Amino acid sequence: MLKKVIKNIIKKGIAAIVALIILSVINYIYGYTGIHIDNKTGATDYMWEPNQLKTNLSEGFSWLQMDENGFNNTRENLERMKSQGLDILLMGSSHMEALQVNRDENTGYLLNKSLSDKTTYNIGVSGHDIYRVVDNVANAVDVYEPREYLLMETATVVLDEHEMEQVIEGTAKKIPSYDSGVIYYLQKIPAIKWLYKNVQDWISQSENMMEEEEAAVATEPGSVDEIDTHSYDETLDLFLNMIAEACRNQPCTPIIFYHPEAIILETGDWNCSTDDEYLKIFKETCERKNIVFVDMTQEFYDVYDKKELLAHGFVNTDVNDAHLNKVGHQMIADKLVKVIEEIEKGDE
């Protein structure tokens, strides 16, 4: 009887190991996110392991290898920065990390191609929304010392006052990483990392839904009229001032570029969800802080209206409901090049 039990345990153990191997191989090919580690410099909350391979066939199509610092840059670009210094630092979220497009299609690469006399380095990384970017901006500027421009991406201009206050007060929570221990080593197995990430996403989504429901009870979402606009304006001023201060300490021009979300109506019309009042407040605050604000709304509308192309989304995602695609990256890069050229023309 005992032998039979042991034999069944061994069989099930072998079956589990074989299943884990098969799932890991599939996951490694289809969508392996890799392992991120704590960024000791504080320029970002975390970075990917040096030379980390990342695969993605679920949203766009790409196989990419991070650079030795754990960011999405070419080796040639990194070496150029090491030898010549840095002109432009690019910060942002997963939109700038750009794991959904080929390496030669992302904003950072395209800026290096168009502005061949300047070196751009991209430290965009998943999860780093405008709050995480601003929280890390002083360290990022101090570490990389951009001589000319600091570029920051945001997918929203409707900011949460409480989250801004946490950044201002220095109490905002960093995105955690596991550099050692059981969880770190388990994540090296693709199938386990996939399961772990999906459980985390599920928990995060549940928490976000609860927060949204609570917010809906307190005020109508997206309505400036229902909040204390004076308080919001003051908080936003202090929040964006952190960017201005960082760029004063390391003289460079700060630029925030906004790429709006939009939906395609049943009529085929392109409809942007931007709240005009929030947009106005954000733009005016940037102007007060000498931050160049770049709004991509008109460019995104024009390319859909004239060419029926979308800046977000892929053939394997919902229409316009995903990360920036190669069209979006190209338009942003083209716009930023024009803005930089205009700034430098005005300085002559």
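The legends below describe close-up views of a predicted model.

**View 1. The second largest pocket and its lining.** In this predicted model, the second largest pocket has a volume of about 380 Å³. Its lining is made up of 19 residues, and those that lie nearest the centre of the pocket are G313, F314, V315, N325 and K326. By residue type, the lining of this pocket divides into eight nonpolar, eight polar and three charged residues.

**View 2. The largest cavity.** The count of cavities of 30 Å³ or more comes to one, and the largest cavity has a volume of about 40 Å³. The residues that line the largest cavity are P260, A262, W270, F300, L310, A311, H312 and N320, a lining that divides into six nonpolar, two polar and no charged residues.

**View 3. A nonpolar patch on the surface.** The patch is formed by L2, I6, I10, I14, V18, I22, I26 and Y30, which together have about 780 Å² of accessible area. Y30 has its place in helix α1, which covers residues 2–30, and this residue counts as partly exposed because its relative accessibility is 45%.

**View 4. The salt bridge of R132 with D135 in helix α5.** The structure holds 14 salt bridges, and in the one formed by R132 and D135 the closest N and O atoms are 2.8 Å apart. The two residues are three residues apart in helix α5 (residues 130–144), so they are separated by about one helical turn. R132 counts as buried, at 7% relative accessibility, whereas D135 counts as partly exposed, at 21%.

**View 5. The salt bridge of D237 with R288.** Here the side chains of D237 and R288 meet at 3.2 Å, N to O. The pair links distant parts of the chain, with D237 in helix α9 (residues 229–249) and R288 in helix α10 (residues 276–288), 51 residues apart. D237 is buried, with a relative accessible area of 18%, while R288, at 43% relative accessibility, counts as partly exposed.

View 6. K335 counts as partly exposed at 26% relative accessibility, and E299 counts as partly exposed at 23%.

Technical notes. Residues are numbered from 1 along each chain as its sequence is written. This is a predicted model: local features need pLDDT of at least 70, side-chain atom pairs count only at pLDDT 80 or more; totals for chains, interfaces and linings use all residues. Side-chain values use heavy atoms; hydrogens and water are left out. On a 1 Å grid over the protein atoms alone, a cavity is a set of points where a 1.4 Å probe fits but cannot get out, and a pocket is an open set with protein on both sides within 12 Å along at least five of seven lines; lining residues have an atom within 4 Å of a point. Grid points are joined across faces, edges and corners, and a volume is the space filled by probe spheres set on the points. Ala, Val, Leu, Ile, Met, Phe, Trp, Tyr, Cys and Pro count as nonpolar, Asp, Glu, Lys and Arg as charged, and the others, Gly among them, as polar. Patches are made of residues with over 30% relative accessible area and no salt bridge: like charges are joined within 9 Å, nonpolar side chains (Val, Leu, Ile, Met, Phe, Trp, Tyr) within 5 Å. Accessible areas come from the Shrake-Rupley method with a 1.4 Å probe; for residues, only the protein chains shown count as cover. A salt bridge is a side-chain nitrogen of Lys or Arg within 4 Å of a carboxyl oxygen of Asp or Glu. Helices (H or I, at least four residues) and strands (E, at least two) are DSSP runs, numbered from the N terminus. Buried means under 20% relative accessible area, exposed over 50%, partly exposed in between (1.4 Å probe, protein chains only).
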